Amino acid sequence: MLQLNPNLTDLVADAAAGLRQQFQMAATITAAAPGRVNLIGEHIDYCDGFVMPFAIDRYIVIAGCANGTSQARIADWQDKEIAVFDVSQAQQIGAPKWSNYLRGVIQGFQDRGHHIPGFDAFIVSSIPGGAGLSSSAALECATATFLEGLLDTVLDTREKALLCQKAEHEFAKVPCGIMDQFASAFGKPNRLILIDCQSGEPELVPFENPDLTVLISNTMVHHELSDGGYAARRKHTEDGLAILGKASWREVTEADVTAAWDQLGDPVNRRSRHVVGEIARTTAAAAALARNDFDTLGPLMAASHDSLRDDFEVSCTELDIMVDIARKIGRAGGVIGSRMTGGGFGGSTVTLCESSKAADIAATLAADYTKATGISPQIFASRPAQGAHLVAAGG
Ligand code: GLA
């Protein structure tokens, strides 16, 4: 059996109940923001590339209300430490660690000239953390949406996503690209979000074929992007572009990389080959998907994984094992394509498969992965969902 996604209505009720229990307050504002999975286009959103994520039907929900003071008091479902901080002042990085996503977004609103009133809030989530599914971007986008409700204002969606990205850069110290916040902010049911990261334009691409299912397999190997691996990869790509002497990766060809191979040196030459190859693969994948050409799409997803494993070096043994199991199931068993998704160094794989075989595929992925690693993975199907939004009172 496929695991079902926890329903948004239940999450909203849980957040309201948490707020009542923790602070004896009734929710007047409830915001929900989804995580994301990326079908293809990895580690190229900060290289002017193309990425093709969708917002998944797993959310962070924040329920809260103004509390008449100048302090925010925020609790969460994991019973972690309650965050208490002054919102009438400029924000500082502080404890607990997760509160920095909220502090960063609050700072973004202050930078727009808003005065933030004190509030109480309770956070719940159905997005597994550290699984490469953008729980951080969802927390930022849920916070921004909650503040829109609190301040009775509406930001342009793009501005909101960029404000959240800045919060991640400055308060979580992860120099991320724009994919995660764009996916969480712009998500729509039955749509992929094809983002041209050079122009910053998201294009909503139909994805509503009921015969296709996207399986997410969380390896349960923890993923922490703030530990330096992500920033190091980004730096390699910046160095590569500088050595190649181009203004944008969109102007670089595979032949340019080959010609400058020794000058680029290892590992920058392999990082560069990944960037150029992944940009080409993602545009080819978008075209293949549009014409239901799965014989082309599957190998593109496979090549993306191999490049992330060998050239970009952001995969890990467990991700490779999960992808290999999907490959062995193959087209005959209903698998169209499979690859790691998100920042890497652990986290999840994404497997595009035939809906009629999805339950069997999920069962094989779980059983064979456990046999190989001793770890029980979390496997679930997901469909494109609505991006960050306020939930009407009463759910
Ligand atoms: C993380 C970042 C994104 C993107 C991916 C890799 O999720 O937040 O901006 O770079 O890694 O594709």
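Predicted model: local features only at pLDDT ≥ 70, side-chain atom pairs only at ≥ 80, totals over all residues.
View 1. Two bridges join β2 to strand β7 (residues 191–196), and the sense is antiparallel. The sheet is open and runs β2-β7-β8, with antiparallel pairing. At its edges stand β2 (50–51) and β8 (201–206). Each has a single partner strand, so one side of each lacks a neighbour in the sheet. Helix α5 (residues 179–186) packs on this sheet and touches β2, β7 and β8. The direction of α5 makes about 140° with that of β7.

View 2. Four strands form an open sheet in the order β10-β11-β9-β12. The pairing is antiparallel. Here β10 (335–341) and β12 are the edge strands. Each pairs with a single strand, so one side of each has no neighbour in the sheet. From one strand to the next, the twist averages 20°. Two helices are shown with the sheet. Helix α10 (residues 294–310) packs on it, touching β9, β10 and β11 (348–354). Its direction makes about 25° with that of β10. Helix α12 (residues 358–373) lies across β9, β10, β11 and β12. It runs at about 15° to β9.

View 3. Strand β9 (residues 212–218) pairs with β12 over five bridges, in the antiparallel sense. L215 stands opposite A381 in β12. I216 has F380 as its bridge partner. Five of the five residues of β12 (residues 378–382) are buried, so the strand is largely enclosed by the rest of the structure. Q378, F380 and S382 point one way from β12. I379 and A381 point the other way. Although β12 is an edge strand of the sheet, the residues pointing either way from it are buried.

**View 4. The largest pocket and its lining.** The largest pocket holds about 940 Å³ of space. It is lined by 44 residues. Closest to its centre are Y101, G129, G130, S135 and S136. Elements giving two or more residues to the lining are α2 (99–111), β6 (119–125), α3 (135–151), α4 (157–171) and α5. Helix α3 supplies the largest share, four residues. By class, the lining has 18 nonpolar, 17 polar and nine charged residues.

View 5. F85 lies in strand β5 (residues 83–86). At 5% relative accessibility, it falls under the 20% limit and so counts as buried. Beyond its neighbours within four places in sequence, F85 is in contact with S70, Q71, A72, I74, Q91, S99, R103 and I106. One of these, A72, is 13 residues from F85 in sequence. Their C-alpha atoms are 5.4 Å apart in space.

**View 6. S272 in helix α9.** S272 sits in helix α9 (residues 268–290). Its relative accessible area is 1%, so S272 is buried. With neighbours within four places in sequence set aside, S272 is in contact with G240, W249, V257 and L264.

Methods
Residues numbered from 1 in each chain as written. Heavy atoms only, no water. Pairing = 2+ DSSP bridges. Contact = heavy atoms within 4.5 Å. Axes fitted to C-alpha atoms, helices over the stretch in contact; angles between N-to-C directions. 1 Å grid on protein atoms, 1.4 Å probe; cavity = no way out; pocket = protein on both sides within 12 Å on 5 of 7 lines; lining within 4 Å. Points joined across faces, edges and corners; volume = space filled by probe spheres on them. Nonpolar A, V, L, I, M, F, W, Y, C, P; charged D, E, K, R; others polar. Buried < 20%, exposed > 50% of the residue type's maximum accessible area, 1.4 Å probe, protein only.
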